[in-house]
Every structure is written in C-alpha cells, then in structure tokens.
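Here are my notes on this one, as numbered points. Have the sequence and the model open while you read.

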Amino acid sequence: DLRDGFLSSVVQKVSVDPEYTYGQVSPAILEQDKETTAQVLYISEMIEDHLDSDTSRDLAISIVAESLRAQVDPFFVTAIIKSESAFRKHARSHKGAIGLMQILPDTGRYISRRANVLWHGGTRLSDPRYNLKLGIAYIKYLSDLFDGNIQHALIAYNWGPANLNQALSRRSRIPSSTVKYARTILGAQK
C-alpha cells in the first residue's frame with residue numbers, strides 16, 4: 001500500500017538520519033500514527049507543484065517529522081514555507097533571509113541558542129532540515145512571546161517582533177501587507 005510505503009519512509013528517515021535523533025516523536029509513535037502518512041502524502045502533493053516528486057516526498061517527510069517533533073501543525077509549517085520561499089531551499093530575500101523558511105542569519109544564530117541547536121553559520125540555512133529546525137523553533141518562540149496569538153506570531157515572523165511590539169504598545173497601524181501575509185498563511189493552513 002502506498003500509504004504504508006510513505007510511513008515506512010518517514011520511520012526510516014527519522015530512525016536512521018542522525019539529524020533526527022532529538023525530540024519527542026519516536027519511530028514507534030510514527031508507525032502507530034496513520035495520520036502521519038496522510039499528512040506526508042498531502043503535503044507532498046502540495047509541493048509537487050513546485051518540485052519533482054522524489055524531492056517533494058523527501059521534503060514532505062522532513063516537514064512532517066520536524067513539525068511533529070516540535071508539536072507544531074505540519075500544515076501550518078507548510079503554509080509558511082509556501083509563502084516564504086515557494087519550497088525553494090536556496091531562496092534568498094533582498095534582506096538576506098535564507099532557505100525554505102527565510103531565516104536571517106542573525107535570527108538563526110539567536111534562535112539556535114534558544115532552541116539548543118548547534119549554530120553552523122548562515123550558509124547552512126540552505127539545508128532544508130536545518131532551516132526547518134530553526135524556522136519551527138522561531139515560530140514557536142514567537143507564539144510564546146505573543147501569548148499564543150498565532151496571527152501576531154506570523155506578523156512578527158514577517159515584520160519582526162520588535163516592530164510588532166512597538167506597534168502594539170503605541171497602538172499604531174500594522175502594515176496591511178503584513179496582516180495579509182498572516183491571514184493568507186492562516187487561511188492556507190485550514
């Protein structure tokens with residue numbers, strides 16, 4: 001069965017790959033959870049609009065595995081990646097953000113310390129798994145910073161937490177493009 005094949009791929013990638021030795025999701029849990037297979041299949045199909053099928057499947061497995069480890073909805077993470085980089089691992093913004101989740105090197109360095117992930121430098125941000133680890137840790141950090149308000153976390157992800165804190169404290173207007181960014185991701189996640 002195709003779904004069991006995907007589940008086996010997820011279990012194998014998580015159990016064999018040394019990059020996947022941390023976190024709270026064990027291969028046994030993944031093996032029991034058929035929903036994981038459906039998530040990988042669905043996300044893989046979403047990515048296939050942008051990448052070839054093998055790359056799409058591998059990236060979907062990484063997204064689901066990293067998301068589950070961090071206890072974050074993989075569809076939420078996928079929506080962020082689609083908006084930030086259109087699934088291009090070497091994407092680079094005009095401001096210097098890098099990779100799938102478009103992380104600035106200074107932000108990556110900061111969040112790597114907070115999340116206890118070894119910092120390998122800005123060039124490593126093009127590595128999908130490393131970028132996912134840091135990007136997911138960053139969105140979790142922002143969610144905690146803004147008391148679980150996901151829209152605020154997304155606005156901060158896009159605009160910067162200092163800018164959002166300043167706008168909230170002064171009750172000033174948040175740029176409409178940034179609010180639209182957050183709403184688009186929240187809408188795509190559903």
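1. A cut-off to start with: a residue counts as buried under 20% relative accessible area, as exposed over 50%, and as partly exposed in between. Ile 150 has a relative accessible area of 31%, so it is partly exposed. Please keep in mind that this is a predicted model.

2. On the overall picture: the protein has 10 helices and 0 strands, so along the sequence you simply read α-α-α-α-α-α-α-α-α-α. Of its 190 residues, 45% count as buried. Among contacts between residues at least 6 apart in sequence, 52% join residues at least 24 apart.

3. Now the pair I'd look at, helix 7 (residues 128–145) and helix 8 (residues 150–159). Their axes come within 8 Å and cross at roughly 125°. The two helices are therefore oblique to each other, and helix 7 passes helix 8 in a right-handed crossing.

4. Which residues make the contact between helix 7 and helix 8? From helix 7 come Gly 135, Tyr 138, Ile 139, Leu 142 and Ser 143; helix 8 brings Ile 150, Ala 153, Leu 154, Ala 156 and Tyr 157. By type, the residues of this contact divide into 8 nonpolar, 2 polar and no charged.

5. Back to Ile 150, which lies in helix 8. Leaving out residues up to four places away in sequence, Ile 150 touches Phe 76, Ser 143 and Leu 186. Of these, Ser 143 is also listed on the helix 7 side of the contact with helix 8. The C-alpha atoms of Ile 150 and Ala 182 are separated by 8.5 Å, with the two residues 32 apart along the chain.

6. The largest nonpolar core holds 45 residues, and Ile 80, Met 101 and Tyr 157 touch the most other members. Elements giving two or more residues to this core are helix 3 (34–47), helix 4 (53–70), helix 5 (74–85), helix 7, helix 8, helix 9 (161–170) and helix 10 (176–189). The largest share, 9 residues, comes from helix 7.

7. What does Met 101 touch, not counting residues up to four places away in sequence? The list is Val 77, Ile 80, Ile 81, Glu 84, Asn 131, Leu 132, Gly 135, Ile 136 and Tyr 157. Two names there, Gly 135 and Tyr 157, also belong to the contact of helix 7 with helix 8.

Notes
Residues numbered from 1 in each chain as written. Predicted model: local features only at pLDDT ≥ 70, side-chain atom pairs only at ≥ 80, totals over all residues. Heavy atoms only, no water. Axes fitted to C-alpha atoms, helices over the stretch in contact; angles between N-to-C directions. Helix = DSSP H or I, 4+ residues; strand = E, 2+ residues; numbered from the N terminus. Parallel < 35°, antiparallel > 145°, perpendicular 65-115°, else oblique. Left-handed = near helix turned anticlockwise from the far one by under 90°. Contact = heavy atoms within 4.5 Å. Nonpolar A, V, L, I, M, F, W, Y, C, P; charged D, E, K, R; others polar. Buried < 20%, exposed > 50% of the residue type's maximum accessible area, 1.4 Å probe, protein only. Core = buried A, V, L, I, M, F, W, Y, C linked by side-chain atoms within 4.5 Å.
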